[in-house]
Amino acid sequence: MTAEDAFFRICGMIGARAPIWVQGAGGNVSRKHSGRLLIKASGCRLDRVGEAGTWVDCDDSALRSGILDGSISTEQDYAEAVAKMTRGKSAARASMETGFHSILPGEWVMHFHPILALLMAERPDWTRQRGIHVPEYLTPGLTLSRALAAHAQARVIVLRNHGVILQGSDPEELLAEWTRLEQDFLDSFQLKIAGMSSDVIGPLRVYFPDTAVFLDELKKALVSAGQGYRLGVVPSGDRGRAVEELWLATQQLAQLHPGLEEIAADEAARLAGLPLEQYRRQHGA
Ligand SMILES: [Zn+2]
């Protein structure tokens, strides 16, 4: 199997678990090979990686050294460095989360947004006993990339109000390990992920950065119902799937943990204004 074929396969395995592991175009996978970085393109769904324009193969050395030596010091610098890496090769641009894929040393870095990662972040004793790293909440982009240098040796990093990062040399074993951790978590706290249909009624909560970024789109698709909302007409294609998956993941979380903290309003506004998020909003669902 070529480096690309193995990469497509792993993207597909994670993408197939929407909306419980990933929603819309969230999440990204990378593989370091022959001094280069193969990574999902910004704005593409993981379950589409392999189609034209859905991944990039780039030289990330300038991005990595710039983050580590501090010469990339603003979100604007960071956005430009990510854009420059892929310019001229294809229309696709590397994921906005390329920074931490580059900083972390694992041959494979898999990042996605499982609902249970957000609940694990609330259980420090449970995560500590299992060797899971749980840094404080970090704004995606340069801030997150820089902070993860301190977690370079972790196999499993749970990101508060965001998701998980797995890194190592055997991606299938890492995904199996994550699956075991999820089951262990459900058993430990006697939780169950119930099946849910898209006409579920519930509250609008901003648990994930993607909810903040696509909040206007989500609000447009919601209609008042009972004490909360339900989905009305969603856009066609991948944008509609993104709205529906974000809504379902939000409702799962609201039912599993009604007291789960949301992303603060000022942080949500900042996320929506990040240069790379503006790009992503225009170019993909
Ligand atoms: Zn993410």
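In this predicted model, 6 strands make up an open sheet whose order is 3-2-1-4-6-5, with antiparallel pairing. Strand 3 (55–58) and strand 5 (156–159) lie at the edges; each has a single partner strand, so one side of each is left without a neighbour in the sheet. On average, neighbouring strands of this sheet are turned by 15 degrees against each other, direction ignored. Strands of a sheet pair through backbone hydrogen bonds, in either a parallel or an antiparallel arrangement.

Within the sheet, strand 4 (residues 108–112) pairs with strand 6 (residues 163–168) in the antiparallel sense, over 5 bridges. Trp108 has Gly168 of strand 6 as its bridge partner. Helix 8 (residues 171–188) packs on the sheet and touches both strand 4 and strand 6; the direction of helix 8 makes about 140 degrees with that of strand 6.

Strand 5 and strand 6 are antiparallel partners over 4 bridges, and Leu159 is bridged to Gly163 in strand 6. The two strands form a hairpin with 3 residues between them, and in the turn Asn161 has a positive phi of about 50 degrees.

In a regular strand the side chains alternate between the two faces of the sheet. What covers the faces of strand 5, and which residues are buried there? Val156 and Val158 on one side, and Ile157 and Leu159 on the other, are all buried, and both faces of strand 5 are covered.

At least three residues of the core come from each of domain 1 (3–188) and domain 2 (209–283).

These are the two domains into which the protein chain is divided. Their centres, taken over C-alpha atoms, are separated by 21 Å. Where they meet, 22 residues of domain 1 are in contact with 25 residues of domain 2. On the side of domain 1 that touches domain 2, the elements giving two or more residues are helix 3 (75–86) and helix 5 (115–120). Helix 3 gives the most to that side, with 4 residues.

Taken as a whole, the protein chain has 13 helices and 8 strands. Its radius of gyration is 18 Å, close to the 19 Å that the globule rule gives for 285 residues, so the chain is as compact as a globular protein of that length. Along the principal axes, the C-alpha atoms fill a box of roughly 55 × 40 × 40 Å. Of the 285 residues, 47% count as buried. Among contacts with a separation of 6 or more, 70% are between residues 24 or more positions apart.

Technical notes: Residues are numbered from 1 along each chain as its sequence is written. This is a predicted model: local features need pLDDT of at least 70, side-chain atom pairs count only at pLDDT 80 or more; totals for chains, interfaces and linings use all residues. Two strands pair if DSSP finds at least two bridges between them. Axes are lines fitted to C-alpha atoms, for helices over the stretch in contact, and angles run from 0 to 180 degrees between N-to-C directions. Two residues are in contact if their C-beta atoms, placed from the backbone, lie within 7 Å. The radius of gyration is taken over C-alpha atoms; the globule rule is 2.2 Å times the number of residues to the power 0.38. A residue is buried if 20 or more other C-beta atoms lie within 10 Å of its own, exposed if 12 or fewer, and partly exposed in between; C-beta atoms are placed from the backbone. Domain bounds come from an automatic or database domain assignment.
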